[in-house]
Amino acid sequence: MIVLQLKFKVETEVLERHKVAAILLNGKEYANDLKEELKSLFLNIPNNNRPILGIIQVGNLEESNIYIKHKLNIAKDLGLETVFSKLPENSTINQIKDEIVNVSKKVTGLIVQLPFSVNYALDPKDKQDILNLIPINKDIDGLSEYNCNSNYELNNNFLPATAKGIILLLDKYNINYKKTDISILGQSNIVGKPLAKYLSNFANKVRIFDKYDDKKDVINSNIVIVATGQKNPIVANNVKSNSIIIDVGIHRNNSKITGDLDFDSFYQKVKYLTPVPGGVGPMTVVSLIINLIKAYVLQNPHDQDKYKVFKKYID
């Protein structure tokens, strides 16, 4: 009996040492590949047939400054024209609304950078009223009520860029997200809620959790998407060993960037895993440009043949 126990212990240790770690979903590499595709696409399209990106910022929040600079730089790198309007934090609601109307006339797709950094309390209804002024066929961030209240089934619906990036990444690695069991942790308007609605179109069992819910049922899911903004909402024991884990979280601790999850423990257990950084994050801006192309095609259907090579990413 002692010999058998020792043999089992040795075999178990050997298996653990040789256990295959997760395949990393390399969003950084794929985003770079898509950027090169976009560059080649725009090189063959005259300037007057290219989309124009519009961005409105209210206030001077440093994190927003960083995100906007990144978006503007990528657009410039791709040869796209941009219109950037930065309003002071004391701008009134009517001034913000007027600027949306004004910029909308000049661009193909418009982003109103969130959060608003104003020096007064902004009622959530007023915030949504502002976002609703973005024309439906220019709402490339998908934050108007038209998009938020949809199931993203119509051709003029826009899935928010981060959610879109996750779908593109799953497609890249041929990961099935139809007729399967999916858990989504976090219910923001840019990731959790739109993904839950979008994925419900494909005969999935979609389980929705906010940060206070019991997570015991997560272990039933084949795909787990975590976007809580909270550290360690689940641990590796909460998921299947062959599951796909999408970590959307970003946490900065001094110079180190991590996700919502403890990367090392999940890396040794699951089948696929997004790293942070280098997973979902890089896919967001390139997905925004793809949404911008979709907006251009919606507004200029006679030019759609110029963008047919990107149809597979738009649909």
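**View 1. Leu298 sits in helix α10.** This is a predicted model, where local features need pLDDT of at least 70, side-chain atom pairs count only at pLDDT 80 or more, and totals for chains, interfaces and linings use all residues. Residues are numbered from 1 along each chain as its sequence is written, and side-chain values use heavy atoms, with hydrogens and water left out. Helices here are DSSP runs (H or I, at least four residues), numbered from the N terminus. Leu298 counts as partly exposed, because its relative accessibility is 28% (buried is under 20%, exposed over 50%, partly exposed in between, with a 1.4 Å probe and protein chains only). Setting aside neighbours within four places in sequence, Leu298 is in contact with Asn155, Asn156 and Phe158 (contact means heavy atoms within 4.5 Å).

**View 2. Helix α2 packs against helix α10.** The axes of α2 (residues 27-43) and α10 (residues 281-299) are 8 Å apart, at an angle of about 30°. That makes the pair roughly parallel (angles under 35 degrees count as such; they run from 0 to 180 degrees between N-to-C directions, with axes fitted to C-alpha atoms over the stretch in contact). Among the residues that meet are Tyr30, Leu34 and Phe42 from α2, and Met283, Ile289 and Ile293 from α10.

**View 3. Phe42 belongs to the largest nonpolar core.** This core has 61 residues, and Phe42, Leu199 and Ile225 have the most contacts inside it (a core joins buried Ala, Val, Leu, Ile, Met, Phe, Trp, Tyr and Cys through side-chain atoms within 4.5 Å). Helix α10 gives the most to this core, eleven residues. Not counting residues up to four places away in sequence, Phe42 touches several residues, including Arg50, Leu78 and Tyr307.

Technical notes. Helices (H or I, at least four residues) and strands (E, at least two) are DSSP runs, numbered from the N terminus. Angles under 35 degrees count as roughly parallel, over 145 as roughly antiparallel, 65 to 115 as roughly perpendicular and the rest as oblique.
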